[in-house]
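Here is a short report on one protein chain. It goes from the overall fold to a single residue.

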Amino acid sequence: MKLATLKDGSRDGRLVVVSRDLGCCQPVPKIAATLQHALDHWQQVEPRLRQVYAALNAGEAIDTQPFEQQQCHSPLPRAYQWADGSAYINHVELVRKARNADVPASFYTDPLMYQGGSDSFVGPRDPVYALSEEWGIDLEAEVAVVTGDVRMGASLADAAAAIRLVMLVNDVSLRNLIPNELAKGFGFFQSKPASAFSPVAVTPDELGQHWADHKLHLPLRVALNGQPFGQPDAGEDMTFSFAQLVAHAAATRELAAGTIIGSGTVSNKQGGLHGSSIAHGGVGYCCLAEVRMYETIETGKPHTPFLKFGDSVRIEMLDAHGASIFGAIEQVVTHDRERRG
């Protein structure tokens with residue numbers, strides 16, 4: 001099943017069920033006005049939503065409308081919780097190696113995770129707003145899951161069973177602000193602006209054989225300014241599964257329905273020139289920091305710049321037949337003054 005939230009002038013938007021081919025959708029106000037309401041009452045509303053989804057795919061639904069991705073908000077325009085992990089240890093290893101530091105042994109058994117801002121996400125076609133290029137604006141292409149209620153101390157099996165939806169995310173980072181924040185020993189805040197999620201969130205069963213071991217085994221495709229930048233497989237080199245990440249988040253607290261858990265930047269192990277890029281036969285990258293780390297390791301300093309105003313980012317995942325599963329995140333980096341006028 002595929003679900004989306006259309007902008008309607010309200011904070012939480014309007015829930016729609018979307019056809020498998022992303023061609024049309026149907027509002028379902030009599031079932032659930034918003035995605036958060038659906039998640040809060042999942043056991044009651046899921047069967048009814050699935051009936052609508054079946055009718056859409058069979059061409060039997062009424063009151064349908066074309067599905068316009070540019071009209072989408074993030075599936076949850078705001079959430080009770082957004083916790084982002086770092087499940088791809090290759091990414092962490094590169095960060096450490098670039099500054100000649102070892103990876104602590106605990107990082108391979110105990111997931112890294114931080115709590116991000118969740119009061120206001122941006123839509124998948126909204127700009128990435130910033131006040132200065134000097135902040136070091138970077139994309140981070142990731143996979144994320146949305147949970148139902150999860151009890152404190154949940155087992156891996158219970159954590160896995162609580163995964164309701166899967167989606168993509170551009171978790172923007174302001175790289176040049178990160179060092180000073182982390183040096184304070186209190187974590188990210190100013191260096192992590194609003195994230196954007198894919199137009200569509202899907203139930204795990206919709207992914208078929210590609211959802212295995214609580215990981216999504218398909219390439220995550222990233223383009224910068226219309227050119228291929230990355231296509232690493234999201235299932236490869238993922239040290240911690242989503243079941244492990246959810247269980248980690250719930251180790252000392254309950255998670256409310258609508259909690260979002262991110263994978264961290266998707267990263268595959270690779271060699272060759274700077275990693276290597278798609279142009280050099282590699283799978284490329286899901287963030288600029290990673291190629292800059294490879295450059296630092298190989299040449300002593302980074303050469304690839306961070307994002308500039310006017311740069312565009314596209315993040316998408318295709319099925320085995322080349323069809324878009326989640327729709328595409330398409331964002332242009334824009335100076336905040338253009339929003340303010």
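A contact means heavy atoms within 4.5 Å. Among contacts in the protein chain with a separation of 6 or more, 73% join residues 24 or more positions apart. This is a predicted model: local features need pLDDT of at least 70, side-chain atom pairs count only at pLDDT 80 or more, and totals for chains, interfaces and linings use all residues. Residues are numbered from 1 along each chain as its sequence is written, and side-chain values use heavy atoms, with hydrogens and water left out.

The protein chain has eight helices and 21 strands. These are DSSP runs: helices are H or I with at least four residues, strands are E with at least two.

| Property of the protein chain | Value |
|---|---|
| Box of C-alpha atoms along the principal axes | roughly 60 × 45 × 40 Å |
| Residues that count as buried | 55% of 341 residues |

Buried means under 20% relative accessible area, exposed over 50%, partly exposed in between (1.4 Å probe, protein chains only).

Now to one residue. Glu206 sits in the loop between β14 (200-202) and β15 (211-212). Is Glu206 buried or exposed? Glu206 is buried, because its relative accessible area is 18%. Its side chain makes a polar contact with the side chain of Arg20 at 2.6 Å. A polar contact is a pair of N or O atoms within 3.5 Å; within protein, one must be able to donate a hydrogen and the other to accept it, and residues adjacent in sequence count only if both atoms are side-chain atoms. Leaving out residues up to four places away in sequence, Glu206 touches Met1, Lys2, Arg20 and Tyr53.
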